[in-house]
Amino acid sequence: MHLNHEDVPGRITAFSRHYRQNRGSSLFGAVNHEPPVSEAGAFSLSAALDVGFAQSDWLLATFGGTTVSLFHRHGRYYVFDSHARNTIGHVDPNGSCVLLMYENLSDIIVYFHGMYANQVFNLTPFQVVLERTVAYFRKALYDLFAMFRCLGPPTLFMTLSADDLHWPELDPLLTAVHFDRMFTALMRFVIHGEQKPLGNVNDYFARVEIQNRGSPHYHIYCMPSSRPPCRFGFPKKQCSKTCILTHFHATKNKGQFYQTYRPADSCNINAYNPSILLHWRANMDILIINDANGAAYYVCHYLCKSEPDELKLALANLINTVFKQNPNLTSFQRLWNIGICVLKNRRVSAQEAAFRLSALKLLQSSRTVVYLNTRPVENRYRMLRPISEINELDNDDTNVFVYNLIDYYCSRPDNMEMMSLMYFASWYTKCPASISTRQKSER
């Protein structure tokens, strides 16, 4: 069966670890042909492999109707073929899946030329990111900035904690699952329900963080269409009247641009929303964000955190001492030392382990992020249609590519002529054929 690279799931689990996959642009061409890069974007096999491995260490390659996986590790190249092969990778009905190792890229090209001569190939780089790593949260940060650019900065920043100390009937696994389901119910039935205690919250972005003592809590950026009435009891300093702070004092006040009236007996009460607190039944905190500066503070302070400071200090000490004292260590030995350091210094609570093993979401958002390939036309990659569809085309038919977002934009109606590509990508998406057919019949 032909594997469409677009069908590869964006999230996979292997050996109790959860990975995110980001698919790059596909590269296509024909084996044994060495064409220059044309406007259509065709590549020679050697050029496609060079470009693919420049983007990622893991590639998927389809030759005709056969798909194999390629990856680069420790200076060597590997080809994994799940089809029946002998020990040198040739077709063998009595064979098995094989993992072939090559010292350089030219050897792989020779192998593919012998196996798939004159066949059309489709090669796609994939970025595989382990969840809860620096790279994983860096991508989430870029996605959040994309939301801010399209929708504007958030209006509210809210923190919801788990009341695990008062949930004695729940073990760590049930606590994690209960915490996840409570948040889902709160968003659906309270914040987006009839009460709408925060106004019409059209969009949000939420991240789960595990505290050092092991308890989870949500950090949430809310983007209401209209500002709700100010009815929160704010903590910390006693204040005789509500006032707006200057930019300088707001920066020193951790991004908060205001102080509200607060008598002495309210200094130990967190900021809260009465309706949300009633339904959440655990600790919460909420702040109003006035501008992009306040949003940037909370983004950098909360979303960018990926590992405890103790681990960061241990890794810094390892790099500054062991690596400098032993400059002849190989890359493998350096990675081995880093791995041992992480295992010795990374503390994982029972609830965090439950989150990972149960594949509960660490990030949630009301929006998805669309990647736009804005390279020049001659450097823009295209994805081939499945080989089964190409075989049904006429010999002179050049419609061999999957329609992409830019194609849809170029084919937009005349009344959308002045619409920018960014606006088109932000507000329009392709509907399934069944939906379009049903809408036409209703008209």
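**Salt bridges in the predicted model**

The structure contains four salt bridges, each defined as a side-chain nitrogen of Lys or Arg within 4 Å of a carboxyl oxygen of Asp or Glu. This is a predicted model, in which local features need pLDDT of at least 70 and side-chain atom pairs count only at pLDDT 80 or more, while totals for chains, interfaces and linings use all residues. Residues are numbered from 1 along each chain as its sequence is written, and side-chain values use heavy atoms, with hydrogens and water left out.

One of the pairs joins Glu103 to Arg76, with an N to O distance of 3.4 Å. Helices (H or I, at least four residues) and strands (E, at least two) are DSSP runs, numbered from the N terminus. Glu103 is partly exposed because its relative accessibility is 47%, and Arg76 is likewise partly exposed, at 34%. Here, buried means under 20% relative accessible area, exposed over 50%, and partly exposed in between (1.4 Å probe, protein chains only).

Another salt bridge pairs Asp81 with Arg85, whose closest N and O atoms are 3.0 Å apart. Both Asp81 and Arg85 are buried.

Turning to Asp203, this residue forms a salt bridge with Arg367, the closest N and O atoms being 2.4 Å apart. The two partners sit in distant parts of the chain, 164 residues apart, with Asp203 in strand β10 (residues 201-210) and Arg367 in the loop between β15 (363-365) and α11 (387-390). Asp203 counts as buried because its relative accessibility is 6%, whereas Arg367, at 30%, is partly exposed.
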